[in-house]
Amino acid sequence: MPQSPIPTTEVIVAADCWQDQPDAEDVIHRAIAAAAEMVDADVGDAEIAVMLTDDQGIRTLNSNWRGIDKATNVLSFPALQPTGPRGDDDAPRMLGDIAIAYETMRREADEEQKPFDHHLSHLTVHGFLHLIGYDHETDDEAEEMEALEREILAHLGIADPYADRERMN
């Protein structure tokens, strides 16, 4: 049986505030599927975990792993990849984890007048791209990553999330 090009994605709801968004898991699965189909990366035999948390949960992660004691919208934790050949009996390879904070994400969506599910899709795609090696530490990296985000989101029927920022420059 051929492998799907889409990684297996487990969504873990770690904060009650996400109960207000019953479609969040479907939004995440659609965003991961679109991103996986549009990138040049072998992710079909892999797994991803997405944790839906609150500001306190993500603040703890941000403090523990990045030394930044504040909440943020999304964090990605790419997994180390095995270097040897994979056997048929090997467990699926782990791409990594994504954590998304409800309150920060909700505030940003409201301030930017974006539908909640569009912003959730954007943050999911952004987190996924980090898991497969994209970053935005330099201007060139940021331009490449943002262009790919725009392309994936357009495929999902979502407007350019950076359009307002560019109009302001």
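Predicted model: local features only at pLDDT ≥ 70, side-chain atom pairs only at ≥ 80, totals over all residues.
1. The residues that make the contact are Ser121, His122, Val125, His126, Leu129 and His130 on the α4 side, and Met145, Leu148, Glu149, Ile152 and Leu153 on the α5 side. Sorted by type, the residues of this contact come to 6 nonpolar, 4 polar and 1 charged.

2. Now the geometry of that pair. The axes of α4 and α5 (residues 139–155) come within 10 Å and cross at roughly 130 degrees. Angles over 145 degrees would count as roughly antiparallel and 65 to 115 as roughly perpendicular, so α4 and α5 are oblique to each other.

3. From α1 come Ala24, Val27, Ile28, Ala31, Ile32, Ala35 and Ala36, while α4 brings Asp117, Leu120, Ser121, Thr124, Val125 and Phe128. That contact splits into 10 nonpolar, 2 polar and 1 charged residues.

4. On to the sheet. It's an open one, with 4 strands in the order β1-β2-β4-β3 and mixed pairing. Which strands stand at the edges? They are β1 (8–13) and β3 (74–78); each has a single partner strand, so one side of each has no neighbour in the sheet. From one strand to the next, the twist averages 15 degrees.

5. Look at β2 and β4 while you're there. They pair in the parallel sense, over 8 bridges. Leucine 52 is the residue standing opposite isoleucine 100 of β4.

6. Two helices are worth checking against the sheet. Helix α1 (residues 24–38) packs on it and touches β1, β2 and β4, with a direction about 150 degrees from that of β1. Helix α3 lies across β2 and β4 and runs at about 65 degrees to β4.

7. Last, a closer look at α3. Which residues of α3 (102–111) are buried? They are Tyr102, Thr104, Met105, Glu108 and Ala109. The cover over these buried residues includes β2 (46–53), α2 (55–66), β4 (93–101) and α4 (116–131). Just past the end of α3, have a look at glutamine 113, which takes a positive phi of about 50 degrees.

Terms used: Residues numbered from 1 in each chain as written. Heavy atoms only, no water. Buried < 20%, exposed > 50% of the residue type's maximum accessible area, 1.4 Å probe, protein only. Contact = heavy atoms within 4.5 Å. Axes fitted to C-alpha atoms, helices over the stretch in contact; angles between N-to-C directions. Parallel < 35°, antiparallel > 145°, perpendicular 65-115°, else oblique. Nonpolar A, V, L, I, M, F, W, Y, C, P; charged D, E, K, R; others polar. Pairing = 2+ DSSP bridges.
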